Amino acid sequence: MAYSNSNNTRDVRYTHKDFSGFKNNLIEFAKNYFPNTVKDFSEASPSTMFIEMASYVGDVLSYYTDYAMKESMLLRATEKKNIYSIAQAFGYKPNLSSPSTAKVDVMILIPAIGTGENIKPDFDYAPTVASGMTLSTTTGTKFHTTDTVDFNFSSSIDPTDISVYSTDATTGRPEYYLFTKKVNAMSGDKRVTTINVGAAREYPTFVLSAENVQSIDSVTDSDGMPWTEVPFLAQSTVFDESVNDIANDPTRSVGQKDTPYILRLKSVKRRFITRVTPDDRLELRFGSGITADQDEVIIPNPENVGSALPGGTNNLDKSFDPSNFLYTDTYGQAPSNTVLTVAYMSGYGLAGNVGSNQIQTIEQKSVVFDRTKTLIKGTRSVVESSIAINNPDPATGGAGAEDLENVRQNALGYYATQNRMVTKEDYVVRALSMPSKFGTVSKAYIAADEQMLANETSVSNPLAVNLYVLTYDANKQLTTLPEAAKENLRTYLSQYRMLTDAINIKDGYIVNIGIDFEITVLPGQNSNAVLFRAIKALQDKYKTEKLSFSDAIYKKDIYLCIANVEGVQSVTDVKVSNLFNGDYSSHRYNLEDATYQDVIYPSLDPSVFEIKYPSKDIKGKVVTY
């Protein structure tokens, strides 16, 4: 490559980037262009000294240019501050301390009501225990429940185990029932700190001095107004849950047992995000809204941007950069002249991993009874004081801060997902991930939406998809999703779907089937025992939770399942039949037409095969020849 000036042209080469390359190029450059000026290039000559000093500077500059480029790429970066910065720009926040988690049994005594065969638990005394219940171990390690425990609600996903706890010594009549529910608990120590905030400024940041911060529980200003944590400042809505009762929603409260909570979106102007600093501290960053004016006054609109009428504003010929409007509360309000009270959770790291039967003390709890019920004060006190907890399994998962390589790999994976629904699998996983208290989606299937034209032909709608869903009833049998749960699912998915995507939530189809088979038994084997084992093997193989939308039934698998049972000599016949109406689904399906080469294919309409009553829908017979 040539370098030009007004006098002459110099041949400057840019191929070498290390000290030796710079030195050799400079020596050749001097010999070519200054042959009469510099003649001594020995190691001790002054000219060599200046050439080596210039080569040293070039080598250092080249190194830092390469280093800066390397540190700007997450895959190659080595400095902690750079890895943290890039990872959080991707949306992944490094963990300063990972909590241990445990499944905790929450037990309570509920009085009996009724007489004779009508004796049952009095659900009027079944309370709700709010999330955040503080638990502790014998060593002082604290845990906090992450979900609400509602003893009025039971489902296949969140069941309530009910047993008789005590009976009257004279009549044998049950006096109290024992209710047991499982809830997730997370280790951590609740702490509180305050932050004094002065005059308003854009994007203020505050760093918590505490170490091992797991999460921010709440931020409240001196006026009692809450501030909400969001993933990014541009997100102006968060999920808000409320009890599904007549007061909150008269229409949907009909399905309260199946959907105990209603999910809504709430707009939040007071919001903040958290970031991890290179010295492993947590930073709170607020928005840029420092004006009392409403957004409509500041953001461009016909009032202040353009109107061709005489005397009106005419700014149509001006360019508007969105950054000119960052001072609005589009990115959240900034706190000013107040005191922020920050409640956060400090982690234990590996010390949070405790053994089974160690979490048995309740330090703080919030118990809520139905205020519309008339309760006896003494009985209510007995019920509330009877609440006990225990962890039958060890608490695991506790760890310290992530190492840099974990942060790197997790950030790369997080960036790829983008927390959005793009593929079919994204829609299914997100639907199945909705918390059970808003309604449980047990089966989900996504398909392209098709519209019927006037000539009775169908065309695909590229801007809409159909989401087919099913759920379990109390007996863990497939049924349609209640309307309240569908509405919650619609609200839940709205935060993750693309703006141009429409989602039609529809009921999936249930095809009930039965299996009849014949086997021969090995000599010396008990026929009834072998038959029982064969039926049990099919029941385990075709459990409802193992069958999904559009799964086919392979007769070969049925033969192999039975043939692998101990004592079976041969499988002589297998028949699969469709069971419908009565206690079964109303959907009739022609299995013969749907069978090809011993494979029973599902219908074109999204459906799930189900053996509804395994104890009677799977039948076997031992034959002899």
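Analyst: On the H1 side, Phe19, Phe22, Lys23, Leu26 and Ile27 meet Thr48, Ile51, Glu52, Ala54, Ser55, Tyr56, Gly58, Asp59 and Ser62 of H2, where contact means heavy atoms within 4.5 Å. Sorted by class, the residues of this H1 and H2 contact are 7 nonpolar, 4 polar and 3 charged (Ala, Val, Leu, Ile, Met, Phe, Trp, Tyr, Cys and Pro count as nonpolar; Asp, Glu, Lys and Arg as charged; the others, Gly among them, as polar). Please keep in mind that this is a predicted model, in which local features need pLDDT of at least 70 and side-chain atom pairs count only at pLDDT 80 or more, while totals for chains, interfaces and linings use all residues. Residues are numbered from 1 along each chain as its sequence is written, and side-chain values use heavy atoms, with hydrogens and water left out.

Now the geometry. Helix H1 covers residues 19-33 and helix H2 residues 46-71, and the two pack at an angle of about 135 degrees with their axes 8 Å apart. Axes here are lines fitted to C-alpha atoms, for helices over the stretch in contact, and angles run from 0 to 180 degrees between N-to-C directions. Helices (H or I, at least four residues) and strands (E, at least two) are DSSP runs, numbered from the N terminus. H1 and H2 are therefore oblique to each other; angles under 35 degrees count as roughly parallel, over 145 as roughly antiparallel, 65 to 115 as roughly perpendicular and the rest as oblique. Their crossing is right-handed, that is, the near helix is turned clockwise from the far one by less than a right angle.

A second pair is worth a look beside it. Helix H9 (residues 527-541) packs against helix H10 (residues 555-563) at about 135 degrees, with axes 9 Å apart. Ala534, Ala537, Leu538 and Lys541 of H9 make the contact with Asp557, Ile558, Cys561 and Ile562 of H10. This contact of H9 with H10 has 6 nonpolar, no polar and 2 charged residues. The H9 and H10 crossing is right-handed, and H9 and H10 are therefore oblique to each other.

Finally, a strand residue: Thr180 lies in strand S10 (residues 174-187). At 16% relative accessibility, Thr180 counts as buried, a term for under 20% relative accessible area, with exposed over 50% and partly exposed in between (1.4 Å probe, protein chains only). Leaving out residues up to four places away in sequence, Thr180 touches Asp105, Val106, Met107, Pro159, Thr160 and Asp161.
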